Every structure is written in structure tokens, then in C-alpha cells.
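This report describes a structure for a reader who is new to the subject. Please keep the sequence and the model in view while reading.

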Amino acid sequence: MSDGPAPASALQEFRDNLLAVPGRIVATAFRSGRPVTDRARSSFVFGNVFLHLHAARTHRWSLRWATTAGLGIASVAAFLITLVTGVMLMFYYKPYTDVAYDSIKDIHFVVPTGRFMRNIHRWAANIMVVTVILHMARAFYTAAYRAPREFNWLIGLALLVTTLGLSFTGYLLPWDQLAYWAITIGANIAQSPREVTDAIGITATFDIGGLQRMLLLGSDIVGEEALIRFYLLHVMLLPLVIAALMAVHFWRVRKDGGLTKPADVNARMGPAPSDVYPVFSEMPAKTYHLAAVVKGRSPAVDGGPEQTVPSMPHLFYAELGVTMLTLFVCTALAMVSDAPLKELANPMVPENPAKAPWYFLGLQELVAFSAFMGGIGIPMIVLVGLGLIPYLDREREGTGDWCGGPGGWPLVQRSIAFGFSASLIVETIVIRYGWLREWFPDIPQLVITAVNPGTVITAIYAAYSLWLVRRYNSTRAGALGLFTCFLCGFVVLTVIGTYFRGPNWQFYWSPSDWPGH
Amino acid sequence: MAKNKWLLLVSSLGVLVLLVTAAVQENLLLEWQQIQAQARAEDGPIPVQLRQVVNPTLRTADRCVSCHVAMGPGEQAVTGPMMAAHRPVVHDPAEFGCTTCHGGQGRATTKIDAHGAAEFWPEPMLPPAMSEAGCGTCHTQADVPHRAAFNLAAATFARLDCASCHRVDGRGGTLRPDAGGMEGPDLSRVGIAGWNREWYAAHLAQAKSAVSGPWQSFRPIADDDRGRVDAFLATRVGAPRLMAAKSVFLSSGCLGCHKVNGVGGDEGPDLTRAGEKDPARLDYASVPGGRSLANWFRAHVRAPSTVVAGSLMPAMRMPDADVEALTFFTLSLRRRVVPGTYLPRDRMRVERFGAREFAADGTTLFGAFCAGCHGAEGEGRRAPGMKPFPAVAHPDFMSLASDALVAETIRRGRPGTRMRAWADGSTGLTDADVTALVQELRRMSGTRAPAESRPARWAKGDPAEGGRLFAGACSGCHGAKGEGSEAPALANPVLLEHATDTFFAETIKRGRPGTAMHGFAQPSTVHRALSDAEVEAIVSFIRTLGGRS
């Protein structure tokens with residue numbers, strides 16, 4: 001404090017310093033002072049380790065609700081909610097087969113607010129799956145995967161897979177009948193390459209399916225080894241992976257200049273309203289020479305900074321708002337609907353029908369014909385197809401607009417109609433008339449592996465998409481059609497698997513028609 | 001941008017509202033609080049507070065009295081909806097709590113959790129109609145006899161009209177208008193409290209000196225009937241339904257395969273704590289009705305192998321009332337570990353002094369251990385997929401079999417069949433029990449031990465000749481080496497050691513009417529008659545079977 005009055009003595013100085021400690025701690029913790037001016041706020045965001053992932057200023061386009069619908073933030077919020085409630089559940093949960101079920105019962109019936117926390121955890125996990133899928137759809141329909149964001153799309157796909165993995169590993173932990181048989185199905189799907197290796201007779205030497213199942217379960221059966229594996233994956237490994245991927249995902253969003261914006265965004269937004277604080281009204285306190293050296297251009301090259309507002313508080317209102325909304329939805333659902341807990345897992349009594357978690361029921365619908373195609377083939381085709389989108393569609397038209405690109409919304413509408421009809425027609429044939437096995441009982445399984453409802457629907461969609469590419473002379477049009485069809489097929493198969501399949505995977509209009517127990 | 005501000009405000013307020021609602025629901029709107037708010041004591045409303053009966057020795061902390069306030073200690077006067085005082089019982093709820101007898105979750109404070117109506121709950125409350133099954137939590141012994149004796153005792157008590165003066169289990173007892181009470185004492189619990197064994201003499205003396213009133217109607221009672229009255233009184237322990245159920249259990253032969261408190265066979269699961277099974281861990285795929293332990297037991301008794309895949313228990317063909325009784329008794333097998341100060345005398349007699357849990361007469365023993373396989377009357381039994389169980393009380397068998405053969409067969413069993421050795425120290429049957437069983441078989445078959453005029457081994461026939469005859473006439477049912485198939489095994493060490501030659505020879509000659517075993521002294525459509533010499537040769541051959549198959 002060189003500018004203060006000179007202290008009378010060292011003792012006096014000691015006393016003054018002591019009295020100044022609380023103030024100094026605050027001042028040194030938040031070095032930019034109270035964030036009352038725009039510059040101080042920007043500096044605050046810039047200098048805070050938790051906030052600096054945000055740009056100091058945010059484009060007004062990004063704050064429109066229609067731009068993202070807050071789906072990415074909702075996914076993060078759901079993840080954070082599962083994280084907090086999950087840690088709370090870990091205090092009471094015991095991952096051993098003889099006590100796991102009882103500890104969940106304790107959480108549900110004995111631990112104060114335990115049931116509430118478990119319900120929130122369960123709902124947040126499901127909401128996370130939904131928002132992640134919708135977030136992907138948003139990124140696709142606004143063509144946000146285009147340069148320079150191609151690789152971030154791939155990271156997003158990895159996040160989707162990790163999210164499903166987190167949800168799936170959590171499914172086993174209650175160790176009830178629901179969990180046990182869902183995981184049994186999952187493990188059998190992991191083993192499904194045997195369908196192919198059996199058919200060509202190399203299972204004895206090259207048993208990739210058995211190996212996958214063994215890696216997943218750590219044993220031949222769903223037992224203690226599987227439980228501890230799933231527990232470790234659920235509470236440690238996958239959260240670390242997803243946290244790392246999320247960090248990269250956000251970092252790249254930040255480095256790629258925030259959200260995708262249409263080329264003419266500034267013109268569309270019009271002049272900033274009067275309450276938006278004007279840029280550069282204060283003397284700049286920093287130069288951006290270093291950024292210019294590294295990136296070869298100054299940060300303002302992409303557009304006029306006049307359309308930006310300070311991230312603090314404008315972006316933070318939006319982010320916190322979405323976070324609280326997500327929390328509200330999770331809490332409300334947790335209050336009206338309890339997380340399921342069936343009877344203790346009993347390997348002697350198979351559930352019928354045994355169903356995987358809902359987001360895998362579309363696949364399980366396909367697994368009924370070919371475990372390999374339904375469980376591994378089709379998902380791989382879908383993932384590879386999704387991953388290739390940014391590299392195959394390198395057009396610029398329509399970036400940042402919903403359903404942007406040739407064809408636009410009418411094309412998406414037609415694709416919705418086509419996607420639903422194609423999958424519904426194939427499913428109708430399957431349900432009404434059966435499939436190859438019913439028609440030719442002696443047919444080799446390899447033929448069904450190649451020709452089953454899953455591959456047929458996939459082929460129809462692919463052909464439709466190629467036709468769109470030719471018709472509109474645009475890869476974006478093909479991508480729009482294919483992605484829309486994929487979503488429609490996912491919905492149709494998932495709904496049928498969830499609501500219309502009963503014992504022995506027979507079709508029933510309603511569970512009340514199931515043969516009674 | 002203001003939109004986002006509003007979003008934050010509204011959603012935050014929404015979360016706050018939800019959390020406050022949850023807090024209010026969990027703290028202020030609880031079922032028991034609302035019930036207590038409507039209750040009234042003599043001097044006005046009662047304080048709304050969590051109430052509980054705690055007994056650290058029994059490890060109970062029962063909050064049931066938070067809703068059932070009037071059942072709590074000193075709260076009988078409380079009135080209101082749901083407020084009924086507990087009926088007077090031996091075990092004061094103020095001391096023993098509620099869950100000790102009724103089961104359920106004492107610490108729970110909602111009806112669903114406390115009564116165990118929650119799905120897949122491991123320890124639900126006992127069904128109200130079966131709450132006497134709760135006695136089995138601590139009590140084990142009761143001198144309950146075989147069902148026929150039990151019913152006869154009850155019928156005798158009724159026939160002698162004892163109930164006109166005495167009250168038993170809430171029935172009977174004449175009210176005297178002048179004295180305002182019963183003529184005789186309430187006998188509902190004399191099985192525990194004891195009764196005057198000289199009651200008959202006392203009654204006679206009183207009747208003799210009476211000049212008026214009901215005493216004049218007392219008539220002399222025969223010795224047999226007095227014994228039955230005593231037997232009836234011994235079972236009056238305040239749980240009439242449980243006693244009746246136990247008498248059914250004791251005549252259904254369950255102990256032949258199942259152990260209860262260390263007594264019984266071990267073909268089937270030990271039933272000592274069957275009433276504490278976790279109902280959530282059972283398979284209800286073929287159980288009609290709701291998912292409850294009682295329903296599971298009912299279905300299981302009727303058709304064991306459809307409920308438990310691979311069960312070797314034969315289906316019990318019995319009337320619904322008996323199924324109900326067995327279910328009821330099985331539910332009562334709860335056998336909690338009880339701290340010493342609360343260990344009931346009856347259980348102490350069983351656990352510390354080796355007393356039988358039930359009457360140890362031959363009829364009861366036969367009913368409890370043997371009737372399951374050999375039939376209630378020893379008539380034998382056939383169950384699908386099992387070798388036929390022999391008719392042990394068949395007079396043709398018993399008139400030839402010596403007591404030693406029968407007793408030794410019970411003691412050492414029949415190796416290779418489901419008849420186990422009952423005296424190997426693990427079944428709880430004593431030598432005295434075996435003797436009682438032999439006497440019972442004599443009584444059932446109406447035979448006496450055969451008088452032996454010849455030595456045990458007299459057959460001097462040619463075993464080779466006997467073997468040839470055996471191969472032609474006997475091996476079809478008894479097996480080429482006497483190992484048995486449709487008919488019992490003969491190459492059986494216990495049989496060969498203790499059966500006399502007379503037993504074999506006479507059985508061959510007379511056959512066993514009612515079974516596939518013909519009398520070979522007479523010709524039939526498929527074989528000629530065997531001469532005495534040929535029979536002797538066969539007996540000699542049987543002796544060479546050596547007891548090893």
C-alpha cells in the first residue's frame with residue numbers, strides 16, 4: 001500500500017494489515033474489483049477460471065431462444081444434477097450383490113430425502129439422454145457441424161455414446177429384476193458378433209462376441225463381477241471421460257467463435273436496442289496483438305462487435321435460467337413419479353418381456369431378428385453415418401438457419417412423412433406377416449443377418465437420401481432427409497418396443513392384453 | 001435479453017415452490033399428524049406428536065401408536081376416527097410393542113410402509129386374520145396332539161357342556177344375573193397359566209354340596225373323557241386358530257421331509273423360519289391372488305412343483321380348510337432370537353431341555369413324521385414320478401414283521417429309497433419315539449408281534465435253484481439282483497438282517513393284498529403255484545443277495 005499514508009511504525013503497519021485482511025482476501029480473490037462496469041464484468045469473466053470458458057462478450061444471436069432452445073446447457077445442467085445427486089446416493093449405495101438391492105431399499109424408504117434424490121437422479125439421467133439427442137438434432141438442423149466445427153460434431157457424438165453408457169451402467173446398480181434382465185440383454189447384444197462368427201464357423205478360434213461379453217461382465221454370468229464393473233464405470237470412469245470430452249467440446253465452441261450464426265446475422269438482427277451497452281465506449285484496456293499473431297487475424301474480423309453484449313450478466317441469465325428450468329423439471333417429475341424398483345434380481349426367473357432401457361428399445365426391436373445387426377451393425381452404421389455428415393456436406397448455404405439449405409423445411413416435412421411411413425410399413429409387415437424365418441423356416445441365419453427389418457429400413461432411408469442428393473443436387477439435402485428419417489425410425493422403433501411389445505416380444509395393442517400371470 | 005432474466009426468475013421460483021411443497025408435505029401434512037389432529041382425549045385435543053413404544057431388549061421402536069393412538073400406553077380414553085383400544089391380551093402392547101406379534105415395520109410412519117403394502121416389501125405385517133401366527137415369533141412349544149385327538153378333545157369339551165359355565169376363547173360361560181359374572185373361570189389361557197389337575201374331584205365335591213343353581217347339573221365324567229378334557233385344556237393358550245392349524249400340520253407328515261427346530265427329515269428345506277421368508281424374493285408366476293407369502297404358501301401346498309421348479313414335494317391333496325391351516329402354521333414359523341428375559345418357558349423347555357414341541361404319543365408322531373409318505377392311516381401312497389410308498393400299516397405286513405424289523409427299519413431306514421435313517425441323531429426322533437411308533441403301527445394294523453416258533457434263519461434251500469425261480473417270478477418287479485424297481489428292494493441290509501425267514505416265506509406265499517404282490521402259493525393266470533420247497537429255495541437265494549445291490 002505505497003499510496004496510503006506512511007505508517008507510524010512497523011507495529012502500526014502490522015495492525016493495519018491485520019484489519020485489512022478480510023478486504024484484501026476478497027480483493028485478491030476477485031482481482032477485477034466489483035463487476036459494476038462492463039469492462040470490469042468482462043475482466044471478471046476473463047480472469048475467472050470457472051467463467052473464462054465463456055467469451056467476455058456474447059453475440060445477441062446466441063441469446064435468442066430459437067437459436068439453440070438451450071438444449072446444450074440443459075444437457076450440462078442435467079449432468080450436473082446427476083453428479084450431485086449421484087454423489088449423495090454413493091454415500092448409501094453398496095455395490096455388492098448381496099446388499100445392493102437392500103441399500104437401494106434403504107435409500108428409498110429409510111434415508112431422509114433418499115427417495116427424492118434417487119428420483120431426481122433417475123429423471124435427470126433420462127432428461128440428459130433426451131436433451132443430448134435433441135441437442136444433436138439442433139446442431140444438425142442448423143448445420144452447426146460445418147467448418148470449423150466438424151470435429152466438435154464428432155466429440156458431440158462421443159458425448160452421446162458416453163451419455164448412453166452412463167445411463168446404461170447405472171441401470172444395473174439397483175440389482176432388481178428390471179436391472180438384471182436389461183443388463184442380461186445388453187450383455188447378449190455385446191456377444192452378438194457370435195451370430196456371424198457362428199455362421200461362418202470361426203467362433204472356436206475367433207470369438208470376438210464372447211470376448212466383448214466377457215469384458216463387459218467380467219464373468220460368464222451377470223454377477224458380482226459385472227456389478228462392480230458397472231459401478232466403477234458409472235461412478236468413476238465414464239464421468240471422467242464425459243467431463244474431459246465436455247471440456248474439449250466447450251473449449252472448441254469457444255474457440256470456434258461461439259454458436260453458429262448465419263452469414264448475414266448482423267443485418268438480420270438489426271440495430272442493437274438502446275439497452276445494449278455500446279461497444280468500445282470505454283478506452284480499450286487490452287490490445288489483441290497476441291491473438292492476431294496466433295490466429296492471423298483479429299478477433300473482430302468475423303463481424304461487427306456492435307451486436308455483442310457482455311456475457312456477464314446476459315449470457316449468465318440465459319444459462320442459469322435454463323439450468324434452473326432443468327432442475328425444476330427434474331424436481332417436479334421426481335415428486336410425481338418414483339424411480340422403479342422391482343423385486344430382487346433372480347437369475348432363475350426371467351422377466352418376460354425383459355426390456356432394455358427405453359433408449360435401447362428401438363435397437364431391441366431390431367435385435368429380435370438379428371442380434372448382430374440390431375445390437376452392433378445398425379448402431380455402427382448410424383454412428384459412422386452421423387460422423388461422416390460434416391465431412392460429406394461441405395456446402396455453406398443455410399448455415400445457422402433451422403432446416404437451412406436446399407429444400408429447407410418442406411423437404412424436412414416430406415422426409416418426416418417418408419421416414420414414418422417407411423418404418424411403419426416395414427414394421428407392419430413384420431408384425432402382421434412375420435419375417436423370413438416364418439416364411440422359410442430353414443433359411444440360414446446369415447441371410448437374416450443381412451436382410452432384416454433393420455437393414456431394410458436403413459437401405460430404404462439410404463436410397464431415399466441418395467435420391468434427394470440427385471434431386472436437389474445438394475449433399476445437404478441428402479443429409480437433411482437421412483437425418484430426419486433416422487429420427488423418425490428411432491421414434492417408431494422405440495415406441496413399438498416400449499409400448500407394443502409384450503411377453504416373448506409379441507405385438508400387443510396394450511399391456512392389458514398380455515397373457516395374464 | 002429480459003426474457004432470459006424472467007426465465008431465470010420464474011424457474012428459480014418454481015424450484016423454490018417445489019422444494020417448499022416437498023418440505024411441507026414431508027413435515028406438516030403427514031398421515032399420522034392428520035389422524036392425531038382429529039383425535040380427542042377426555043380433556044380436549046391431544047398433542048400432535050410422534051408417539052412410539054420402545055423396548056430396547058426386544059429391539060422394537062414401534063411408531064404404530066402414532067396413528068393407532070388409543071392402543072398406546074395409557075391412551076385408551078382417546079377417541080376419534082381409527083381410535084380403538086387394543087383388546088386385552090397377555091402381552092401388554094405398552095411393553096412388547098406392536099411388531100413383536102403383528103410384524104410389519106415399527107419405525108415407519110406411513111401406513112403403506114408400516115403395514116408393508118409397498119411393492120416387494122420384505123417384511124409385511126401379518127394378515128389380520130392370521131395375526132395369531134405372530135405367536136410363533138417367540139413361542140414354539142404347545143402340547144398339541146394329532147388332529148384326530150385334538151378334534152376329539154374339543155368335541156368332548158363341547159359334549160360335556162363345560163362351556164355353559166366356562167368361557168373359552170371368547171365363547172360360552174353363563175352370565176349369572178345375581179352375581180354378575182361367570183359361574184366358572186375363563187379357561188382361554190389355562191394352557192399357559194395351568195389349571196387344577198384335581199378339578200374333577202373338586203367339581204364332584206362342589207356338586208355334592210350344592211343345593212341349587214348350576215352346580216346341581218354337574219354329572220360324573222368317564223375317565224377317558226376327563227383325559228380328553230385335560231388334553232383340550234393343555235392347548236388353550238389364547239391362540240385357538242394357531243393350535244388347530246398346528247394339529248393339522250402334525251397330521252400331514254410334513255416333518256418326514258422338513259425340519260422344524262431341529263426335528264424332522266432333511267429332504268426338503270428347513271421350515272424353522274419359513275414364516276420369515278422374504279415375499280419379494282419368491283416367484284409368483286404360477287401363484288393366483290396377490291403377491292403375498294400366504295398366497296405363495298397356499299399355491300405351493302396345492303402344487304409344489306408348479307410353484308418351485310424341480311420341487312420333489314408331492315402335491316398335497318387336501319381340502320381348502322387344511323391348506324389354509326398349513327399356510328397359517330407355516331406363517332407362524334418365525335422363531336426370532338429372543339433375549340433371555342423374554343424367552344418363554346415353553347421355548348426354554350424345547351431349546352434348553354430338549355422337550356418335544358408337541359405331544360409325543362405314537363399317533364401324533366406317526367402323523368407328524370410318517371403320514372406324508374405312508375398315508376394318514378399307513379395305507380401307503382403313490383405320487384406321480386415317485387416310487388410307491390409302502391403301506392406300512394398293512395396287517396399282512398405287520399402280522400409277519402417282528403417289532404425288531406419295524407423298529408430297525410425306522411432307525412436305519414431303507415438305503416436307496418427316500419426312507420431315511422431316523423435314529424442317526426439328526427432328526428430329533430428318540431428311541432422312545434421309535435418304540436411309540438412301532439406300537440402305533442401295531443395299533444393301526446390291529447396286529448400283534450408275530451409269535452416265532454422257528455429260528456430266525458431256517459431256510460436250507462438251494463440258492464441256485466432259488467435264483468432260477470427268482471429270475472422267473474420275482475425279478476420283474478424286485479429287480480434281477482433284488483435292487484427293486486416297481487416293488488421294494490430286497491437286497492437291503494436292514495431288511496436282510498432283521499427279517500426272519502418266516503417273514504419272507506409267508507410273504508411270498510400269501511402275497512400282499514392290495515398291491516401287485518400276488519400270493520405265490522396259489523396259481524394265477526401268469527404263474528404256477530410254488531411249492532413250499534421252492535419258496536424255501538427262493539428265501540435262501542434272497543439271503544445270498546448280501547445286502548449290497
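Helices and strands are DSSP runs numbered from the N terminus, a helix (H or I) having at least four residues and a strand (E) at least two. The model is predicted: local features need pLDDT of at least 70, side-chain atom pairs count only at pLDDT 80 or more, and totals for chains, interfaces and linings use all residues. Residues are numbered from 1 along each chain as its sequence is written, while chains are lettered from A and ligands numbered from 1 in the order in which they are written.

**Backbone features of chain A**

Most residues other than glycine have a negative phi, and most peptide bonds are trans. A:Thr113 is not a glycine, yet its phi is positive, at about 60°. A:Thr113 sits in the loop between helix H6 (100-109) and H7 of chain A. The peptide bond from A:Ala147 to A:Pro148 is cis, with omega near 5°, and A:Pro148 belongs to the loop between H7 and H8 of chain A. Another cis peptide bond runs from A:Met312 to A:Pro313, with omega near 10°; A:Pro313 is part of helix H15 of chain A.

**Confidence**

The predictor's confidence in each residue is its pLDDT, from 0 to 100. The two chains are summarised below.

| Chain | Mean pLDDT | Residues with pLDDT of at least 70 |
|---|---|---|
| Chain A | 87 | 92% |
| Chain B | 87 | 97% |

Within chain A, helix H14 (residues 289-295) has the lowest confidence, at a mean of 56, and helix H5 (residues 71-90) the highest, at 96. For the complex, the predictor gives an ipTM of 0.83 and a pTM of 0.79.

**Domains and the contact between chains**

Chain A is divided into domain 1 (1-31), domain 2 (65-261 + 308-351) and domain 3 (359-517), with bounds from an automatic or database domain assignment. Two residues are in contact if their C-beta atoms, placed from the backbone, lie within 7 Å. By this rule, 23 residues of domain 2 of chain A touch 28 residues of domain 3 of chain A. Which helix gives the most to the side of domain 2 of chain A that touches domain 3 of chain A? H8(A) does, with five residues.

Between the chains, the contact takes 23 residues from chain A and 18 residues from chain B. Helix H15 (residues 311-336) of chain A gives the most to the side of chain A that touches chain B, with twelve residues.

**Two helix pairs**

Two packed helices are described by the angle between their axes and the distance between the axes. Axes are lines fitted to C-alpha atoms, for helices over the stretch in contact, and angles run from 0 to 180 degrees between N-to-C directions. Angles under 35 degrees count as roughly parallel, over 145 as roughly antiparallel, 65 to 115 as roughly perpendicular and the rest as oblique.

The axes of H5(A) and H7(A) come within 8 Å and cross at roughly 155°. H5(A) and H7(A) are therefore roughly antiparallel to each other.

In chain B, the axes of helix H17 (residues 403-412) and helix H18 (residues 431-445) come within 10 Å and cross at roughly 125°. That makes H17(B) oblique to H18(B). On the H17(B) side, the contact includes B:Asp403 and B:Val406, and on the H18(B) side B:Val434 and B:Leu441 are among the residues.
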